Structure formats: C-alpha cells, structure tokens
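Here is a friendly note to read alongside the model. Please keep the viewer open and look up each residue as you go.

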Amino acid sequence: MDFEKLMQERYTCKHYDASKKIPAELITRLLQTVRLTPSAVNLQPWYFFVAETDAAKAKIAPGVMEMNAERFEKCSHVIVLCARTDATEEYISKVVDKEDADGRFGRVPGARAGQDAGKKRFAGLHAISPSELIAWNSRNAYLALATLMYAAADLGIDSTPLEGIVPAAVDRCLNLSEKGLTCLCMVCLGYWAADDSNVLSNRPKSRLALEDIVTEL
C-alpha cells in the first residue's frame with residue numbers, strides 16, 4: 001500500500017470487538033516487521049511482551065488506568081513496549097555477534113572491532129547518568145512503536161497506543177528491573193467495534209497544514 005494512503009486511513013481505535021481475534025500468523029508477521037525498526041548504532045534497545053489471553057492480560061492489568069480498561073479488556077492482543085535501562089558490554093557484544101552472523105562486516109579488516117567500539121562510544125555519550133541512558137534508549141524504542149502501529153494498519157489490524165498506564169506498576173508486575181528493562185507504553189491490537197466513535201467517517205483526520213510545521217532553509 002502507498003504509505004501516505006496508509007497514514008491517511010489509519011486511526012486510533014477506541015472500541016474493540018471482543019469476538020474478533022488476530023490470527024497467530026499475523027501477530028508473527030507484525031513482530032517480525034517491528035524487529036526491523038532502525039535504531040541509533042543498531043543498538044535495538046527495546047523489548048516486547050505479548051499478552052493475548054485473559055490470564056496474560058491479568059499479569060499487567062494493575063498497570064492500566066481506568067480510562068483504558070475497556071479497550072484493554074476487549075482488544076485481541078496487548079503489546080508491552082519496554083526500553084533497556086542499560087547498555088552493558090554483554091548486550092553490545094550480543095548485538096555485534098548477530099551483526100557478524102548476518103554478514104554485516106563482510107571481509108573488511110577491523111569492521112567488527114570498529115562497530116563494537118562505535119556502539120560503546122555512542123552508548124557512553126548517553127551514560128552520563130542512568131536517567132539519560134534510559135531517555136536515549138526510550139527515544140529509540142518509540143521508533144518501534146511507530147513501526148508497530150503502521151505495520152499493524154498495513155495488515156488490517158487496528159491499534160491504540162496507551163500511555164494511560166502506570167509504568168512503575170508494570171515494571172513490578174513483570175519484574176522488569178531485574179531484566180534491565182522499563183515499561184514505556186502498551187499497544188492494544190484488534191479489530192474495531194461497530195460503536196467505535198473514532199472511525200474516520202465520524203471523526204475525520206485532522207493535522208496542521210505544511211506551512212504551519214515546515215520552514216525551508
């Protein structure tokens with residue numbers, strides 16, 4: 001699909017049809033697409049938890065604010081988007097090992113060592129404090145959020161990004177601090193219900209004009 005057309009047609013779903021479930025193969029395709037999201041120095045500082053069943057949703061429900069309870073309960077799947085809270089040498093080595101296995105270094109002498117050093121250098125620039133490193137990782141992880149929403153739309157799946165959550169509660173529910181992660185947001189996935197007031201036929205998309213947001217230098 002033409003990407004501008006996809007952008008025009010996608011909207012944030014407010015009410016889900018609880019009787020409609022996303023096929024497992026589409027969830028796999030969606031996650032495979034999200035995995036390809038670009039990130040600074042290819043560090044990929046994100047992690048995802050997928051909740052489909054009521055039991056799985058119950059594990060993270062304490063982190064959902066009341067305003068989002070209905071869509072959380074009725075949607076087909078919920079994705080918890082997390083950012084890494086660190087950039088350890090062990091993790092960087094894992095990324096470099098995968099790049100090496102995927103042939104990114106070819107036969108260029110010193111390419112692997114250069115990539116390893118570059119990742120450590122750029123991570124170090126943001127490791128002046130734990131909060132700054134988390135902020136940098138979070139900015140990169142939000143790129144994956146955009147990929148997730150538009151890849152879902154391309155597959156005919158509706159979505160709702162949720163920041164109406166209590167990240168600290170999700171961190172506790174999933175023991176994320178022990179995993180070197182922190183929750184950023186959740187994304188509901190599924191199919192819109194007939195009473196969804198946010199469909200474009202009811203609420204047309206509205207964005208500022210180009211001249212309001214662009215200056216040619």
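This is a predicted model: local features need pLDDT of at least 70, side-chain atom pairs count only at pLDDT 80 or more; totals for chains, interfaces and linings use all residues.

The points below go through the pockets, then a helix, then the strands.

1. Start with the largest pocket, which holds about 760 Å³ of space. Its lining is made up of 20 residues, and the ones nearest its centre are R35, Q44, W46, Y91 and V95.

2. Which elements supply the lining of the largest pocket? Both β1 (46–51) and α5 (89–101) give at least two residues each. The largest share belongs to α5, with five residues.

3. What classes of residue line the largest pocket? Eight are nonpolar, eight are charged and four are polar.

4. Now turn to the second largest pocket, with a volume of about 200 Å³. The residues lining this pocket are E4, M7, Q8, Y150, K205 and R207. Helix α1 (residues 3–9) contributes the most, namely three residues. Sorted by class, the lining has three charged residues, two nonpolar and one polar.

5. Just past the end of α7, have a look at G156. This glycine has a positive phi of about 80°.

6. Is strand β4 (residues 181–190) buried or exposed? Ten of its ten residues are buried, so the rest of the structure largely encloses this strand. Buried here means a relative accessible area under 20%.

7. Which strands pair with β4? One of its partners is β2 (residues 77–84), which runs antiparallel to β4 and is joined to it by eight bridges. Within this pairing, I79 stands opposite V187 of β4.

8. Strand β3 (residues 158–162) also pairs with β4, again in the antiparallel sense, over five bridges. Here T160 has C188 in β4 as its bridge partner. As you trace these strands, keep one general idea in mind: side chains in a regular strand alternate between the two faces of the sheet.

Terms used
Residues are numbered from 1 along each chain as its sequence is written. Side-chain values use heavy atoms; hydrogens and water are left out. On a 1 Å grid over the protein atoms alone, a cavity is a set of points where a 1.4 Å probe fits but cannot get out, and a pocket is an open set with protein on both sides within 12 Å along at least five of seven lines; lining residues have an atom within 4 Å of a point. Grid points are joined across faces, edges and corners, and a volume is the space filled by probe spheres set on the points. Helices (H or I, at least four residues) and strands (E, at least two) are DSSP runs, numbered from the N terminus. Ala, Val, Leu, Ile, Met, Phe, Trp, Tyr, Cys and Pro count as nonpolar, Asp, Glu, Lys and Arg as charged, and the others, Gly among them, as polar. Buried means under 20% relative accessible area, exposed over 50%, partly exposed in between (1.4 Å probe, protein chains only). Two strands pair if DSSP finds at least two bridges between them.
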